[in-house]
Amino acid sequence: MGNTLQKNQEQELPVTEEPNEPQSFTCEICVEPMLLPNKKFKNQNRCIHPFCTDCIVKYISVKLEDNVGDIPCPSLDCNQNFDPISCRNLVGPQLFVKWCDILCESAVLGLEQCYCPNRNCSALILDECGGNAKRSQCPDCKSFFCFQCKLPWHAGFQCEESQELRDRNDVAFGVLAELNKWKRCPQCRRFVEKTEGCKIVKCRCGAGFCYNCGRRVYHHWCHCNSASTGTFYCFVILAIIYFFLILWIH
């Protein structure tokens with residue numbers, strides 16, 4: 001077979017040679033003459049300015065210290081940015097990783113974010129959908145938590161009550177209440193289960209409330225949906241008709 005196999009490696013080269021290009025140049029940053037053409041930095045041919053690679057590395061390092069991820073060309077009349085991938089071999093692994101981290105942080109800066117409350121995970125979680133996120137699942141450890149109060153998921157309890165959970169029995173009861181869709185009395189906050197009958201229920205504390213919307217009511221109707229509203233107005237009309245009938249009879 002002979003030596004027919006050759007080892008090919010893809011490299012991100014910050015400099016590309018142009019035909020008939022001058023062999024020497026003067027860097028516009030350090031104003032030093034450069035005799036070797038491979039010392040000239042080229043921004044993947046997006047723009048070509050006489051900057052030496054040493055000055056460009058220092059320039060990128062200073063920008064990263066200022067947490068600037070979109071690094072522009074230092075030429076005053078140029079609007080091109082540097083490409084991190086093409087500069088990877090030039091800046092080295094440490095600066096490249098820092099550059100990528102800054103770009104990631106700037107990309108998620110406008111998103112609501114929190115860290116997984118699982119102490120063995122602590123992954124960064126973003127609310128990419130917007131809205132009022134609450135029950136969420138960590139994509140790493142798969143545990144559920146509340147995006148509002150940043151605590152483990154408190155099934156059946158409000159955020160302000162989650163700190164009062166004392167043991168695993170409270171947590172298990174909260175999960176059971178959530179699965180069975182039990183409602184809480186708006187006055188005493190006890191859980192109430194409705195097995196059958198009207199949606200207006202009465203708690204042991206004496207407070208009446210709507211089992212559909214959880215609103216406190218003082219009569220046997222609720223305006224939580226259009227059907228209830230229609231029933232209410234029908235009841236009022238019938239009451240008025242009945243009242244006038246009584247007056248007419250007498």
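This is a predicted model: local features need pLDDT of at least 70, side-chain atom pairs count only at pLDDT 80 or more; totals for chains, interfaces and linings use all residues.
**View 1. The whole chain, before zooming in.** The protein chain has five helices and 12 strands. Here helices (H or I, at least four residues) and strands (E, at least two) are DSSP runs, numbered from the N terminus. Of the 250 residues, 30% are buried; buried means under 20% relative accessible area, exposed over 50%, and partly exposed in between (1.4 Å probe, protein chains only). The accessible surface comes to about 17700 Å², and carbon and sulfur atoms hold 53% of that. Such areas come from the Shrake-Rupley method with a 1.4 Å probe, and for residues only the protein chains shown count as cover. Among contacts with a separation of 6 or more, 33% are between residues 24 or more positions apart, a contact being heavy atoms within 4.5 Å.

View 2. Side chains of opposite charge can pair when their charged atoms come close. A salt bridge here is a side-chain nitrogen of Lys or Arg within 4 Å of a carboxyl oxygen of Asp or Glu, and a search of the whole structure finds two. One of them joins the side chains of Lys39 and Asp54, at 3.0 Å from N to O. Lys39 sits in the loop between strand 2 (33–34) and helix 1, while Asp54 belongs to helix 1, so the pair ties together parts that are 15 residues apart in sequence. Lys39 is partly exposed at 24% relative accessible area, and Asp54 is partly exposed too, at 41%.

**View 3. Lys98 meets Glu65.** Look for the salt bridge between Lys98 and Glu65, whose closest N and O atoms are 2.9 Å apart. This pair links distant parts of the chain, with Lys98 in helix 3 (residues 93–107) and Glu65 in helix 1, 33 residues apart. Lys98 is partly exposed, at 28%, whereas Glu65 is exposed, at 55%.

**View 4. Ser86, tucked into a loop.** Ser86 lies in the loop between helix 1 (53–65) and helix 2 (88–91). With 6% relative accessibility, Ser86 counts as buried. A polar atom of the Ser86 side chain lies 2.9 Å from the backbone oxygen of Asp83.

View 5. Val31 has a phi near 55 degrees, a positive value in a residue other than glycine. Val31 lies in the loop between strand 1 (25–26) and strand 2 and is exposed, at 59%. Asn67 has a positive phi as well, near 60 degrees, and isn't glycine either. The loop between helix 1 and helix 2 holds Asn67.

View 6. Phe235, Val236, Ile240, Phe243, Phe244 and Leu247 make a nonpolar surface patch of about 600 Å². Patches are made of residues with over 30% relative accessible area and no salt bridge; like charges are joined within 9 Å, and nonpolar side chains (Val, Leu, Ile, Met, Phe, Trp, Tyr) within 5 Å. Leu247 is found in helix 5 (residues 226–249).

How values were computed. Residues are numbered from 1 along each chain as its sequence is written. Side-chain values use heavy atoms; hydrogens and water are left out. A polar contact is a pair of N or O atoms within 3.5 Å; within protein, one must be able to donate a hydrogen and the other to accept it, and residues adjacent in sequence count only if both atoms are side-chain atoms.
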